[in-house]
Amino acid sequence: MSLTYQQAGELTWQWLEQIAQVSETDDPDCNGVTRLCATREHREALEMLSGWMGDAGMTVRSDNGANLIGRYASANPDARTLLLGSHQDSVPHGGKYDGIMGVLLPLALVHYLDHHAIALPFHLDVVAFSDEEGTRFGSTLLGSKVLAGGFEPAMLDAQDDQGVTLRQALIDFGCDPERIANDRYPPGDVLGFVEVHIEQGPQLEAEGLPIGVVSAITGIERHKLSLHGQAGHAGTVPMHLRQDALVGAARVIGLVDELCKETDELVGVVGKIGNSPNGVNVIPQRTDLTIELRSPDDATRLAARETLLARIDATLAGLDLRLDQQLIYEQAAVQCSATLVRRLEAAVAASGVTTRTLFSGAGHDGLAMQALCDIGMLFLRCERGISHHPDEAIQPSDLGVALEVLARFVTDLAEDECRSPGAQGAST
Ligand SMILES: [Zn+2]
């Protein structure tokens, strides 16, 4: 009996349900999935994945960054490698799909290829990255930085809440942190990296589409602002003489919201605010807030920053408030490879689905992997855009669609690679 895409999708669904059980249970209020880097749960998840990889005839290895890599090998040992994968870890009380779905879909694809005896002219490596979220040690993209050569040894000194260093946690996990630099893929050997991930936004669902192609991963900047006014009695200081820091903050929040609504491909938020003295009958002396801006286009984001800061200055001057402002974080946008985008769009169209390209507003392992090779991403629709939450949900039948798209992408790439070996994929 031949395995269909939908059947491979059903297999993925069963695996997703099974591996979701591998979650911290110490917390009585714990719901959802909590699976952090270099923990007992991580170990258990890798054992489960190794078993499924072995069932599909893959060779399995783990590296010194606690990544698990299964290989569906080409007959040619010197062939280059296509990387597919995502992260095994979750946020605390996260969902069943963020990350791990992008490990299990490629794994089901290998089952499909193996079942149909489809040989590839390149190695296909399925990666379960150890840590993308950065929940335990506070530094994101750990696994992908190891594979791409971007791992900084200083990261090993990061500590978890119990004071355990990343170095010690990796040693306890069976890794040799001193040898992490050897785990980088040789750049010329890699055809590209493609990740499938839930969208974490509502766009595909709103348009009735199961899958979309990612054009870029957003750039991000964060600012810290302190607005200084003058505290005073809320009953005795006349309104026209007040220097109310919180009134200034309210205007700033409005300015951020307005600018983002009037600018294409720009989103932003004031997500954190602190007010002092924060008394019911005291004029606020000082208000601290953060501003975050995101755009897939760096020029858009930088222009927006300039406009926003000018508007804030003008507004606060009118309120007689003093401002301290500091850029505290900046990450440039990363464009997906135009070639991989085109190939993925073709695979989506060939699967009978309307092609839709969208950018990722969240960070992903591709941010680190682009230092190694071309990157591409597929988004799967998720319910109401919810992620990082136990209510994360997908439609089971979308897994079959994703498998068809992945299979078409991989087999088309294989055909072209056979026609003109070495011409596919360009390492950056
Ligand atoms: Zn994720």
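How far apart are the end C-alpha atoms of helix H3, residues 101-115, and what span should its 15 residues have at 1.5 Å a residue? Before I answer, two remarks on the model are in order. Residues are numbered from 1 along each chain as its sequence is written. This is a predicted model, in which local features need pLDDT of at least 70 and side-chain atom pairs count only at pLDDT 80 or more, while totals for chains, interfaces and linings use all residues.

To the question, then. The 15 residues of H3 should span 21 Å, and the end C-alpha atoms are 21 Å apart, which agrees. The expected span is 1.5 Å times one less than the number of residues. Helices here are DSSP runs of H or I with at least four residues, strands are runs of E with at least two, and both are numbered from the N terminus. Of the 15 residues of H3, 13 are buried, so this helix is largely enclosed by the rest of the structure. By buried I mean that 20 or more other C-beta atoms lie within 10 Å of the residue's own; exposed means 12 or fewer, and partly exposed is in between, with C-beta atoms placed from the backbone. After H3 comes Ala117, with a positive phi near 50°.

Let me turn to the whole protein. It contains 11 helices and 14 strands, and 47% of its 428 residues are buried. The domain assignment gives domain 1 as 5-217 + 334-419 and domain 2 as 219-331; such bounds come from an automatic or database domain assignment. The C-alpha centres of the two domains lie 38 Å apart.

Next, the interior. A nonpolar core is a set of buried Ala, Val, Leu, Ile, Met, Phe, Trp, Tyr and Cys residues joined through C-beta atoms within 7 Å. The largest such core has 100 residues, and Leu105, Leu109 and Leu403 are among those with the most contacts inside it. Helix H11, residues 396-419, supplies the largest share of this core, 11 residues. A second, separate core has 16 residues, including Leu225 and Ile312. Leaving aside neighbours within four places in sequence, Leu403 is in contact with Leu105, Ala108, Leu109 and Tyr112, among others; contact means C-beta atoms, placed from the backbone, within 7 Å.

Leu340, Val341, Arg343, Leu344, Ala347 and Val348 are buried in H9. These residues cover an arc of only 165° around the axis, which puts them on the same side of H9; the arc is that of the directions from the helix axis to the C-beta atoms. Ala338 and Arg342, on the other side, are exposed. The cover over the buried residues includes strands E5, E6, E13 and E14, together with H11.

Finally, some backbone details. Most residues other than glycine have a negative phi, and most peptide bonds are trans. His93, in the loop between strand E3 and H3, has a positive phi of about 55°. With 17 other C-beta atoms within 10 Å, His93 is partly exposed. Arg384 lies in the loop between E14 and H11, and its phi is also positive, near 50°. Having 12 C-beta neighbours inside 10 Å, Arg384 counts as exposed. The peptide bond from Ser276 to Pro277 is cis, with omega near 0°, and Pro277 sits in the loop between strands E9 and E10.

How values were computed
Two residues are in contact if their C-beta atoms, placed from the backbone, lie within 7 Å.
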